[in-house]
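Open the model in a viewer and keep a selection panel to hand. The tour goes chain by chain, then to the cores, then to a pocket.

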Amino acid sequence: MAKRLGKQTYALEKPIHIISTATIVGEKEKNGPLKAYFEHCTEDDMMGEKTFEKAERKMMESCIDLVLEKAHITEQDIDLLIGGDLLNQLVTMNYSARSLNVPFLGVYGACSTMSESLAIAACLLDAGVGEIITCATGSHFSTAERQFRTPLELGNQRQTYSQWTVTGMGSCILSCKGKGPCVRMVTFGKVTDYGIKDIANMGAAMAPAAMDTLYTFFQDTKTEPKDYDLILSGDLGKLGSDILKDLMREKGYILEENYEDCGHMIYSASQKTFQGGSGTGCSASVFCSYVYKKLCNKQFKKIIFMATGALMSTVTNQQGDSIPGIAHLVVIENSSVAK
Amino acid sequence: MDIQERNKKYIEYVELVSPKASWGKSLFNAFLIGGGICVFGQMCADILRYFLPMTDNVTISAWSSMMIITIAIFLTAFGVFDNIARFAGAGTIVPITGFANSIASCAIEFKKEGLIFGLGAKMFFVAGPVIVNGVAFSMIAGVIYWIITLL
């Protein structure tokens, strides 16, 4: 059974290994600074399909197939699939699960879905619910753009503080047995809203939620930022991570070189995405490639992975509501150094 | 600290740290491309007048507008327009090119949901408000003009 620490944090009793991960990204992401870490890239963002929604689904299905193949298991071995995406009614994930024939839990945490899925999966495994759980999340620039913003070919200027939705999928397999880095602790975040209404400024909308979760985690565990090799936030982007650093400083915690942000890492400045990447696929693809590989080869021993989500809808936004944010946190340790 | 005060302080802080677009550069780019489009339109009109000397001015300006609209739609269809607009901003939105692009881009985007409830219903998704406002404000302007003529 998981042990409760403080208010929101749970330390897991069993080692929950992440035995395998897989990523598929689009062309823009492949041309970014992390290109060496992404295994699969699709040059055709339509994936040979007629609509972008179908393309996103196909990418998701391929990503799940890939992770199963890498772990040398079949879909019959999976006890549960947990995942989500950005689209209304989680169509990508729900429709992908249709073709898999495995028990499925759809979760929505906007861009925080990867850490949310990991946290749920790890807790379930720790409690003895199933033995192998697959987590998969992803997003597609073209479907997100049409749902949350404007038609693709519309000639408008993007705000300098905006972010770019990542076309990418990430999936991983968690198991009580086997090898690989272990999920040690989870912190479930609270919905936090500091009144930001500008739909383009998601970094600023999510930063308070990230601060709340991270601060609570440090308080609950009585640890400090320097105790971790990497503190990775989801997709705050450059502006959002600067705001998070400021907010954490106010609370008495200094985030230094070991702090990074997936959104900030995934694109280079020359790719004109302004503040960086966002979307469910952003933290998923960075975590399942770059971070996982560095955990496996022991460059990182103990990390905090905290994906953040902006939980707005276009309807509430047009009705003048502000944007609530959320952040869920997992601590992952390399198994060989675990106590 | 109560929540409203906290939010107010945070929003002010975010306003302060969010990067702003450079006004001078945006204005210059808009002037360059927007002006270029107008010069091109004038060129079309002058060429038409040269080849069709008997045509009246109204017909010529209608034809030159149509030429610019057609070019804007083709550029939208080939995926070039949004790249130009990203640079030019109001330079492509304010001339008739912006209106053409707003309808063409919606038509491309929503065609996948079918010709009636997709393309048909959502073609004016962006341009619709412009038309509604255009009609509403011209009515107000008309009433003001009518009152002035009474004086």
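**Chain A, overall**

Select chain A: among its contacts with a separation of 6 or more, 78% join residues 24 or more positions apart. The model is predicted. Switch to a cartoon view and chain A shows ten helices and 14 strands. Its C-alpha atoms fill a box of roughly 55 × 50 × 35 Å along the principal axes. Colour chain A by accessible area, and 63% of its 339 residues count as buried.

**Chain B, overall**

Now select chain B. It has eight helices and zero strands, in the order α-α-α-α-α-α-α-α along the sequence. For 151 residues the globule rule gives 15 Å, but the radius of gyration of chain B is 21 Å, well over that, so the chain is more spread out than a compact globule. The C-alpha trace spans about 75 × 55 × 40 Å along its principal axes. Of the 151 residues of chain B, 26% count as buried. Residues 24 or more positions apart make up 50% of the contacts in chain B with a separation of 6 or more.

**The nonpolar cores**

Go back to chain A and show side chains for A:Leu174, A:Val183, A:Val291, A:Phe305 and A:Ile332. Within the largest nonpolar core, which has 48 residues, these five touch the most other members. Then pick helix 9 of chain A, residues 280–296, which gives the most to this core, with nine residues. In soluble globular proteins, nonpolar side chains tend to be buried together.

Which residues is A:Val183 in contact with, leaving aside neighbours within four places in sequence? Select A:Leu12, A:Ile16, A:Ile18, A:Ala122, A:Leu174, A:Val330, A:Val331 and A:Ile332 to display them.

Last, show both chains as a surface and go to the second largest pocket, which holds about 1200 Å³ of space. To centre the view, select A:Arg158, A:Gln159, A:Thr160, A:Phe274 and B:Ala21, the closest to the pocket centre of its 42 lining residues. By type, the lining divides into 16 nonpolar, 16 polar and ten charged residues.

On the chain B side, highlight helix 1 (3–17), helix 2 (23–51) and helix 4 (81–88), each of which supplies at least two residues of this lining. Helix 2 of chain B gives the most, with six residues.

How values were computed:
Residues are numbered from 1 along each chain as its sequence is written. Chains are lettered from A and ligands numbered from 1 in the order in which they are written. This is a predicted model: local features need pLDDT of at least 70, side-chain atom pairs count only at pLDDT 80 or more; totals for chains, interfaces and linings use all residues. Side-chain values use heavy atoms; hydrogens and water are left out. A nonpolar core is a set of buried Ala, Val, Leu, Ile, Met, Phe, Trp, Tyr and Cys residues joined through side-chain atoms within 4.5 Å. Buried means under 20% relative accessible area, exposed over 50%, partly exposed in between (1.4 Å probe, protein chains only). Helices (H or I, at least four residues) and strands (E, at least two) are DSSP runs, numbered from the N terminus. Contact means heavy atoms within 4.5 Å. On a 1 Å grid over the protein atoms alone, a cavity is a set of points where a 1.4 Å probe fits but cannot get out, and a pocket is an open set with protein on both sides within 12 Å along at least five of seven lines; lining residues have an atom within 4 Å of a point. Grid points are joined across faces, edges and corners, and a volume is the space filled by probe spheres set on the points. Ala, Val, Leu, Ile, Met, Phe, Trp, Tyr, Cys and Pro count as nonpolar, Asp, Glu, Lys and Arg as charged, and the others, Gly among them, as polar. The radius of gyration is taken over C-alpha atoms; the globule rule is 2.2 Å times the number of residues to the power 0.38.
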